[in-house]
Amino acid sequence: PTRRSSDLGCQALSIMVFNKIYQVVLKMLTDLENWQTDTQYEDATIAKDFCFKLVNAYFACFFVAFVQNNFKVFGVDMHCPSWHCMPELTGTLAAISLVQMTLVQTIEVGMPLLKNRMNVAKEEAALRQRLADKGLPSDGPIEPMKPEEEENKLEAFEGVFPEYQEMVVQFGYVTLFAAAFPLTAALALLNNMIEIRTDAYKLLQATQRPSPKRAADIGTWMVILDIIATCSILTNCALVGFTSHGLFFYFP
């Protein structure tokens, strides 16, 4: 039987959770390598991150497309209804894309604002405690912070690495499985139009101003995009030839 939408939603959430866990492991591993320059450090981080994302983000779609109908998993036959996995692949890809696009935008803006509120509340509580220790009334209104103080409480901008991560993973969903769900490209376009505004809001309102940095190009990310684009030719040919039943009309 086909999987329920709740199962697909849980699958999309698990991908995001493991991505967050691996970010911590990724930093630890790269720090232990002790690279000499920032460029070497960034290249090593991108390479390890791509290897993990290739498995974590796309495994479910590759499994439905090329494994489920052709192999038994631990002795269990999991073939799709009528041996036609294209509809299930479409549902899997749509669920993962929609859940991740929605939650990522919410988390990107919501988490810095939430941390900012927590920092302000923590400082107000410490101030009231100091007043109480001095025997002064601590339950009255507190003078509002100046704009400079408010900006000081904002979270530091974490850099463009997460933004590149998101765009590269999205590019993979759009290109690697385009034959199964062409509407992914339209969803990605809509997501990016919204993300331009959410990123602007995050930079101007939710985080501290980032330090200016110059770059000649996007570095190793361009190599990753070339790899995904090349692999997408192979995967889409395989989807049309093996996963889809489209060719059966011409070569029964």
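Reply: What follows is a set of questions about these terms, each answered by setting a value against its definition.

Reply: This is a predicted model, in which local features need pLDDT of at least 70 and side-chain atom pairs count only at pLDDT 80 or more, while totals for chains, interfaces and linings use all residues. Residues are numbered from 1 along each chain as its sequence is written, and side-chain values use heavy atoms, with hydrogens and water left out.

Me: What makes Lys48 buried or exposed, and what about Glu33?

Reply: Buried means under 20% relative accessible area, exposed means over 50%, and partly exposed lies in between (1.4 Å probe, protein chains only). Lys48 has 17% relative accessibility and therefore counts as buried, whereas Glu33, at 37%, counts as partly exposed.

Me: How many salt bridges does the rule give, and which parts does the one between Lys202 and Glu163 tie together?

Reply: The count comes to four salt bridges. One of them joins the side chains of Lys202 and Glu163 at 2.8 Å, N to O. Lys202 lies in helix α7 and Glu163 in helix α6 (residues 161-176), so this pair links parts that are 39 residues apart in sequence. Both Lys202 and Glu163 are buried. Another bridge, at 3.4 Å, N to O, is formed by the side chains of Lys53 and Asp49; these two are four residues apart in helix α2, about one helical turn, and both are buried.

Me: How do you know that Thr45 is buried, and what does its side chain reach?

Reply: Thr45, which is found in helix α2, has a relative accessible area of 11% and is therefore buried. Its side chain reaches the backbone oxygen of Tyr41 at 2.8 Å. Leaving aside neighbours within four places in sequence, Thr45 is in contact (heavy atoms within 4.5 Å) with Leu26, Thr30 and Phe161.

Me: What makes a space a cavity and not a pocket?

Reply: On a 1 Å grid over the protein atoms alone, a cavity is a set of points where a 1.4 Å probe fits but cannot get out, whereas a pocket is an open set with protein on both sides within 12 Å along at least five of seven lines; lining residues have an atom within 4 Å of a point. The structure holds one cavity of 30 Å³ or more, and the largest cavity has about 50 Å³ of space. Among the residues that line this cavity are Asp49, Lys53, Tyr58 and Trp221.

Me: How much space lies in the second largest pocket, and which residues lie nearest its centre?

Reply: About 570 Å³ of space lies in the second largest pocket. Its lining has 22 residues, of which Met145, Lys146, Glu149, Glu150 and Glu151 lie nearest its centre. Helix α4 gives the largest share of that lining, six residues.

Conventions
Points joined across faces, edges and corners; volume = space filled by probe spheres on them. Polar contact = N/O pair within 3.5 Å; in protein donor to acceptor, adjacent residues only side chain to side chain.
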